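The text below walks through one structure, pair by pair and helix by helix. Please keep the sequence and the 3D view open while reading.

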Amino acid sequence: QQQQQQPVQGWVAFLKQVFRSRNFVAFSVLHLVQVFHCHFNSNFFPLFLSVLLGDFLSPAYQSFILGLSFMMPHVNNVFFCMWVERSGAYSVIRGLLLTKLALAAVMWTVGANSSLLLVVFIASNRIFTEGTCKLLDLIVSDLVDEDYVLNRRDHALSALMFGTSALVAKPGQTLAPVIGTLLLSTLQQSSMHMALKDSSSHPALPAEDDSLSQIKNTTRDVAFTTLVLVPIACACVQLVAWHLFSLHGKYLKKIQTAVARGHFYEGKYIV
């Protein structure tokens, strides 16, 4: 029984150590939100295409864009890796987050009337989001090195760090459809309530065609609001967390040098 408890106690001790690290906590927040955003796009991407672009794109073109959104992140990953070699993973991820925020802000300013811009935004939002997810393993590798150095370990706990990071981010996968559905339902009810309130203030009842058109426009407005506000909210939270992440630049080079030379940071030797 004591032998069975030892791995559990070791993992609990490891959790206490890593959660005292500001870099791990900041990365965990970013990772959790990123997983949430990735699965939000996966769950609601077809809905946004159908509601916002159903009158502009045929089902065949919608299917093509859907397939393209699954393929392009893998292609972009090649270019992102080349960018990482030049600028570092921290700068690349920050650039992608700023791009996500800027695209969403532009889309919010322009509105839902530009169908072509909507196509570009919906597709690029999913492609860049998935691309960011694929770069996060590089940051976990840096966290492994930092944990190895600062906690004076005999060997790097790579598997434990990757597993813990994935576990912390896992709730985002479950929360994405729940929060997305709740948000759409809440906005839809609020919009319909406002529409009914406005119609009740007029003595003449709207025709059936006008009523259906009003429902369709309300649904479109709700979908557009959700499509734009979720990336803005995610990007803002992630940029704050990423600003607190210090494992980059000179500090990262010091950690990597310490690992390569077989000693701890600030001259504390392990051999």
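Arg-153 forms a salt bridge with Asp-147, and their closest N and O atoms are 2.6 Å apart. A salt bridge here is a side-chain nitrogen of Lys or Arg within 4 Å of a carboxyl oxygen of Asp or Glu. Side chains of opposite charge can pair when their charged atoms come close. Both Arg-153 and Asp-147 are buried; buried means under 20% relative accessible area, exposed means over 50%, and partly exposed lies in between, with a 1.4 Å probe and protein chains only. This is a predicted model, in which local features need pLDDT of at least 70 and side-chain atom pairs count only at pLDDT 80 or more, while totals for chains, interfaces and linings use all residues. Residues are numbered from 1 along each chain as its sequence is written, and side-chain values use heavy atoms, with hydrogens and water left out.

How many salt bridges does a search of the whole structure find? The search finds 2. Besides the pair already described, Arg-126 forms a salt bridge with Glu-130, with 3.5 Å between the closest N and O atoms. Arg-126 and Glu-130 both lie in helix H5 (residues 115-150), 4 residues apart, which is about one turn of the helix. Helices (H or I, at least four residues) and strands (E, at least two) are DSSP runs, numbered from the N terminus. Arg-126 counts as buried because its relative accessibility is 3%. Glu-130 has a relative accessible area of 16%, so this residue is buried as well.

Glu-130 also has partners elsewhere in the chain. Leaving out residues up to four places away in sequence, Glu-130 touches Cys-38, Ser-42 and Pro-73; contact means heavy atoms within 4.5 Å. Glu-130 and Asn-41 are 89 residues apart in sequence, and 9.2 Å separate their C-alpha atoms in space.

The phi of Arg-152 is near 55°, a positive value in a residue other than glycine. Most residues other than glycine have a negative phi, and most peptide bonds are trans.

The whole chain can now be set out. It has 8 helices and 2 strands, and from the N terminus on the elements run α-α-α-α-α-α-α-α-β-β. Of its 271 residues, 39% count as buried. Among contacts between residues at least 6 apart in sequence, 83% join residues at least 24 apart. The chain exposes about 15,100 Å², of which carbon and sulfur atoms supply 63%; accessible areas come from the Shrake-Rupley method with a 1.4 Å probe, and for residues only the protein chains shown count as cover.

Trp-11 is found in helix H1 (residues 2-18) and is partly exposed, because its relative accessibility is 32%. Not counting residues up to four places away in sequence, Trp-11 touches Leu-160, Thr-164 and Leu-167. Trp-11 and Leu-160 are 149 residues apart in sequence, yet 8.1 Å apart in space, C-alpha to C-alpha. Cys-236 is found in helix H7 (residues 208-243); its relative accessible area is 37%, so Cys-236 is partly exposed.

Next comes helix packing. Two packed helices are described by the angle between their axes and the distance between the axes. H3 and helix H4 (residues 89-110) pack at an angle of about 125°, with their axes 7 Å apart. H3 is therefore oblique to H4. Axes are lines fitted to C-alpha atoms, for helices over the stretch in contact, and angles run from 0 to 180 degrees between N-to-C directions. Angles under 35 degrees count as roughly parallel, over 145 as roughly antiparallel, 65 to 115 as roughly perpendicular and the rest as oblique. Phe-80, Trp-83, Val-84 and Ser-87 in H3 meet Ala-89, Ser-91, Val-92, Gly-95 and Leu-96 in H4.

The last stop is a surface patch. Met-71, Val-75, Val-78, Phe-79 and Met-82 form a nonpolar patch with about 470 Å² of accessible area together. Patches are made of residues with over 30% relative accessible area and no salt bridge, with like charges joined within 9 Å and nonpolar side chains (Val, Leu, Ile, Met, Phe, Trp, Tyr) within 5 Å. Met-71 lies in helix H3 (residues 59-87) and is partly exposed, because its relative accessible area is 45%.
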